[in-house]
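Please open the structure in your viewer and keep the selection tool at hand.

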Amino acid sequence: MKNDEMIVNRETAMRLWTSRYGKKTKAVDFAGRTMVKSAYDDRNSDYGWNLDHIFPQSKGGKTADYNLICCHILTNDEKADKICFNANGQSFKVIKVENHYEIINQTNPNEEIKQPTL
């Protein structure tokens, strides 16, 4: 790991949750699944969530705020390291926009997906 690369752990996840959702204890991921802040990394919870690399590490994606998104564990499992994928019955694609990557909903193209702020 490079010195300038962050570590994905509970502290990082909680910091990103707060930066994206503020004081909310519940949020909905880009695939429409409900997450509960206190269920971070809890596979036994219906609301468990973790951090996903928008552009997969296996394809050169960085571990940095701009490339991480909070998402339900099931959504993350369905996405895996793909850039075109189905999650929660919908079709998604990772695209490059200027200097970062975003996830777009191909099933409902007009649906806005909340992305990390840079």
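Begin by selecting Trp-49, which lies in strand S3, residues 49-53. Please bear in mind that this is a predicted model. Is Trp-49 buried or exposed? The relative accessible area of Trp-49 is 0%, and the residue is therefore buried, the cut-off being under 20%.

The side chain of Trp-49 reaches the backbone oxygen of Lys-37 at 3.2 Å.

Now turn to the aromatic rings. How many aromatic pairs does a search of the whole structure find? The search finds 7 aromatic pairs. For one of them, select Trp-17 together with Trp-49. The ring centres of Trp-17 and Trp-49 are 4.9 Å apart and the planes stand at 45°, so this pair is tilted. It links distant parts of the chain, since Trp-17 belongs to helix H1 (residues 10-21) and Trp-49 to strand S3, 32 residues apart. Both Trp-17 and Trp-49 are buried.

Move on to Phe-85 and Phe-92. Their ring centres are 5.5 Å apart and their planes are at 20°, so the pair is stacked. Phe-85 is buried, with a relative accessible area of 4%, and Phe-92 is buried as well, at 0%.

The next stop is a sheet. In which order do its 3 strands lie? The open sheet has the order S5-S6-S7, with antiparallel pairing. Its edge strands are S5 (84-87) and S7 (100-105), each of which pairs on one side only. Direction ignored, neighbouring strands of this sheet are turned by 30° against each other on average.

Select S5 and S6 first. These strands pair in the antiparallel sense over 4 bridges, and Ala-87 has Gln-90 in S6 as its bridge partner. Their hairpin has 2 residues between the strands, and Asn-88 there takes a positive phi near 55°.

Finish with S6 (residues 90-97) and S7, which run antiparallel and are joined by 6 bridges. Ile-95 finds its bridge partner in Glu-102 of S7. In this hairpin, too, 2 residues stand between the strands, and Glu-98 takes a positive phi near 55°.

Definitions and conventions
Residues are numbered from 1 along each chain as its sequence is written. This is a predicted model: local features need pLDDT of at least 70, side-chain atom pairs count only at pLDDT 80 or more; totals for chains, interfaces and linings use all residues. Side-chain values use heavy atoms; hydrogens and water are left out. Buried means under 20% relative accessible area, exposed over 50%, partly exposed in between (1.4 Å probe, protein chains only). A polar contact is a pair of N or O atoms within 3.5 Å; within protein, one must be able to donate a hydrogen and the other to accept it, and residues adjacent in sequence count only if both atoms are side-chain atoms. Two strands pair if DSSP finds at least two bridges between them. Axes are lines fitted to C-alpha atoms, for helices over the stretch in contact, and angles run from 0 to 180 degrees between N-to-C directions. Rings of Phe, Tyr and Trp (its six-membered ring) pair if their centres lie within 6.5 Å; planes under 30 degrees apart count as stacked, over 60 as edge-to-face and the rest as tilted.
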